[in-house]
Amino acid sequence: MEFLTLGFVHSSHGLDGTLKVISTSHFARERYKNVKKFYLLDKENKRTNLSLISFKIQGEMHYLKFKEIANPEDAKKYKGSELQIAKSDAVVPEGYYLFADLVGCSVLDDKGVELGVVSKVEEYPAQTTLRVQKKDGKLFLVPFID
């Protein structure tokens, strides 16, 4: 099963074990409403299955309450963990796609000649960038803009 990272646990919030998550995802509100199974991948690569009870979004910070985390002590164990969902559960509005689906795609020039293959999609404040690997192993970046 493939997983998508929605964000990273920053800290606990309050006395009920709510997790404060730094979001790295688009369409998070729709995912929180529609996805039933969430996962936390900790630093030892152990994945824990969680059930979302409630969420609140404030900017890039998301406050998530899970059934399995009852207090701040439990929540602190997950600091630095990745919040994930199964890729098959990802909510993608019509006309959009997952950046993860671009990995492995060929990059062509205007004459149709293959320049390389997308190895990673990187999001920077100024723009999204494709990291492209050429056949000789060298890498180059391409701005991903309309």
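Q: Between residues at least 6 apart in sequence, what share of the contacts in the protein join residues at least 24 apart?

A: A contact means that heavy atoms lie within 4.5 Å. In this protein, 48% of the contacts between residues at least 6 apart in sequence join residues at least 24 apart. The model is predicted: local features need pLDDT of at least 70, side-chain atom pairs count only at pLDDT 80 or more, and totals for chains, interfaces and linings use all residues. Residues are numbered from 1 along each chain as its sequence is written, and side-chain values use heavy atoms, leaving out hydrogens and water.

Q: How many helices and strands does the protein have?

A: Helices (H or I, at least four residues) and strands (E, at least two) are DSSP runs, numbered from the N terminus. Here there are two helices and eleven strands, and their order along the sequence is β-β-α-β-β-β-β-α-β-β-β-β-β.

Q: Which strands pair with β1?

A: Two strands pair if DSSP finds at least two bridges between them. Strand β1 (residues 3-13) pairs in the antiparallel sense with strand β7 (residues 82-86) over five bridges; there, threonine 5 has glutamine 84 as its bridge partner. Strand β1 also runs antiparallel to strand β2 (residues 18-23), joined by six bridges, and histidine 13 stands opposite threonine 18 of β2. In the β1 and β2 hairpin, with four residues between the strands, glycine 14 takes a positive phi near 80°.

Q: What percentage of the residues in the protein are buried?

A: Buried means under 20% relative accessible area, exposed over 50%, and partly exposed in between (1.4 Å probe, protein chains only). Of the 146 residues in this protein, 34% are buried.
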